[in-house]
Amino acid sequence: NLVAAYNFVIPMLTTSKVLCFNHVIFYEKFIAIFDIIKSMLNSLSAKVRVSMEILSKVGEQVYMAYSGGKDSTALALLVRDYVKSVGKLKKVVLVHNDTMSEIDIMEYWARRFMNSYSEEMGALNVEVEKIVTRPHPFSNFYWRVFVRGYPAPTFSFRWCVEELKIRPTRGVIPDGSVLLVGLRDDESSTRSGSNKRKFTACSISHGDCMSDRYIAENNVIKVAPIRNWSEEDVWNYLKDNELAKDLFSLYFNDKVRFGCWHCTLIKTQWGLRLDKRYAYFDALRLLYRALSDIKELRMTKNMGYSTLGALKMPARALLLKFLLKAETLSGITLYGLDESSVEGHSLREIFTKLEPEEADDLIRRDMLSKGRFTTVADLREADDRWLEELDKSTASHPSRYFDGDDLIRALMW
């Protein structure tokens with residue numbers, strides 16, 4: 001009611017053509033008082049109370065989207081604190097999508113957190129179920145690139161989102177379920193605009209009706225309890241939580257985001273600039289983009305938004321060579337090559353170790369490889385004739401260097 005009065009009186013006073021002396025005095029006091037009230041309403045403690053009130057309406061079982069990032073971690077801990085204070089929840093189902101090409105330290109952190117969280121919630125008599133969705137081995141990033149020849153995604157062809165994230169998770173959450181999400185308007189202008197289009201608006205003249213935190217989408221009720229939290233709110237909430245202490249080292253600057261190491265829709269993958277070891281993979285990501293942009297290294301097609309089709313085998317062979325070099329120089333292995341398997345053989349074994357005939361036989365099990373893939377022998381034989389063109393096309397990109405070292409040249413030669 002106080003907020004409603006503020007939004008009614010202030011415009012009336014400020015648009016008046018004539019203000020008498022008493023009006024001026026009233027106006028100045030009104031402004032001072034409500035500046036204090038607004039500050040109180042915008043405090044983290046006030047936001048936490050509103051968020052917990054939202055949680056009080058979701059029932060005894062909820063699904064929770066958990067990426068491992070700061071926002072979903074803050075949401076998970078908010079739910080835990082809600083249970084501690086109210087204790088109404090009986091079951092939480094964590095839904096975690098592992099694309100199999102996440103930045104490994106971030107994926108390993110997410111796995112550790114889910115295990116610790118399950119134990120702590122169990123001690124509060126709340127059952128925690130973990131659902132981890134992953135793409136089929138024939139659909140993960142490495143198979144699609146090295147076997148099917150998928151080029152680097154563009155804003156016109158974002159194949160990765162559908163195949164690595166959406167499709168594996170589709171149907172996991174039953175109709176009519178409540179799904180808690182860590183969406184915030186403060187993440188970015190793009191996110192804010194998306195939230196405003198999706199979620200119901202709430203007139204401030206009626207107070208905080210909280211309807212702007214709910215949406216029915218694909219027969220699932222999505223609830224965004226921390227939608228109005230700022231980034232500062234999130235970090236302040238996390239800083240005193242023991243379960244979140246290891247997360248701070250992963251966010252070494254405010255540009256870091258959880259996601260796939262190979263994303264080419266961003267200029268710099270800041271999660272890979274933690275140290276030089278990971279920076280090699282940022283350079284590898286850049287080479288993937290550069291290879292995809294060389295027309296002579298692309299097949300042609302007659303359908304779709306472009307006549308350029310899959311990467312030709314020489315481009316894939318170069319990319320595999322660069323990938324293995326990045327692993328050697330960094331001492332880091334890309335876990336998705338080892339954890340994805342076809343008939344008991346990891347993708348790493350298929351692409352680099354098995355006898356060519358056996359590897360080719362396994363690859364032919366993927367019907368969509370027909371016409372796109374020749375032989376493993378071709379994949380393992382890199383042609384260096386394109387190195388100079390790659391060197392020139394990546395010359396000015398910031399991801400090429402780390403502390404003055406040229407990472408592109410380190411991978412190519």
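**Walking through the model**

Guide: Start with His96, which sits in strand S2, residues 91–97. Keep in mind that this is a predicted model.

Visitor: Is His96 buried or exposed?

Guide: Buried. Its relative accessibility is 0%.

Visitor: What lies 2.8 Å from a polar atom of its side chain?

Guide: The backbone oxygen of Tyr66.

Visitor: Which residues does His96 touch, beyond those up to four places away in sequence?

Guide: Tyr66, Ser67, Glu107, Ala110, Met114, Ile131, Val132 and Thr133.

Visitor: Where do Glu107, Ala110 and Met114 stand in helix H5?

Guide: They are among its buried residues.

Visitor: How far apart are the end C-alpha atoms of H5?

Guide: They are 29 Å apart. H5 has 20 residues, 104–123, so at 1.5 Å a residue it should span 28 Å, and the two values agree.

Visitor: What follows H5?

Guide: Asn125, with a positive phi near 65 degrees. Asn125 is not a glycine. It lies in the loop between H5 and strand S3, residues 127–133.

Visitor: Buried or exposed?

Guide: Asn125 is exposed, at 69% relative accessibility; the cut-off is over 50%.

Visitor: What about the phi of Asp403?

Guide: Positive, about 50 degrees, and Asp403 is not a glycine either. Asp403 is in the loop between S11 and strand S12, residues 405–406. Its relative accessible area is 71%, so it counts as exposed.

Visitor: New topic. Where is Ser399?

Guide: In the loop between helix H17 (387–393) and strand S11 (401–402). Ser399 is buried, at 0% relative accessibility.

Visitor: Which side chain does the side chain of Ser399 make a polar contact with?

Guide: That of Asp282, at 2.8 Å. Leaving aside neighbours within four places in sequence, Ser399 is also in contact with Lys267, Thr268, Arg273, Ala283, Arg285 and Leu286.

Visitor: Now helices H4 and H9. At what angle do their axes cross?

Guide: Roughly 55 degrees, with the axes coming within 10 Å. That makes H4 oblique to H9. H4 covers residues 70–85 and H9 covers 231–238.

Visitor: Which residues make the contact?

Guide: From H4, Lys70, Asp71, Thr73, Ala74, Leu77, Leu78 and Asp81. From H9, Glu231, Val234, Trp235, Tyr237 and Leu238.

Visitor: Is the crossing left-handed or right-handed?

Guide: The crossing of H4 and H9 is left-handed.

Key. Residues are numbered from 1 along each chain as its sequence is written. This is a predicted model: local features need pLDDT of at least 70, side-chain atom pairs count only at pLDDT 80 or more; totals for chains, interfaces and linings use all residues. Side-chain values use heavy atoms; hydrogens and water are left out. Helices (H or I, at least four residues) and strands (E, at least two) are DSSP runs, numbered from the N terminus. The expected span of a helix is 1.5 Å times one less than its number of residues. Buried means under 20% relative accessible area, exposed over 50%, partly exposed in between (1.4 Å probe, protein chains only). A polar contact is a pair of N or O atoms within 3.5 Å; within protein, one must be able to donate a hydrogen and the other to accept it, and residues adjacent in sequence count only if both atoms are side-chain atoms. Contact means heavy atoms within 4.5 Å. Axes are lines fitted to C-alpha atoms, for helices over the stretch in contact, and angles run from 0 to 180 degrees between N-to-C directions. Angles under 35 degrees count as roughly parallel, over 145 as roughly antiparallel, 65 to 115 as roughly perpendicular and the rest as oblique. A crossing is left-handed if the near helix is turned anticlockwise from the far one by less than a right angle, and right-handed if clockwise.
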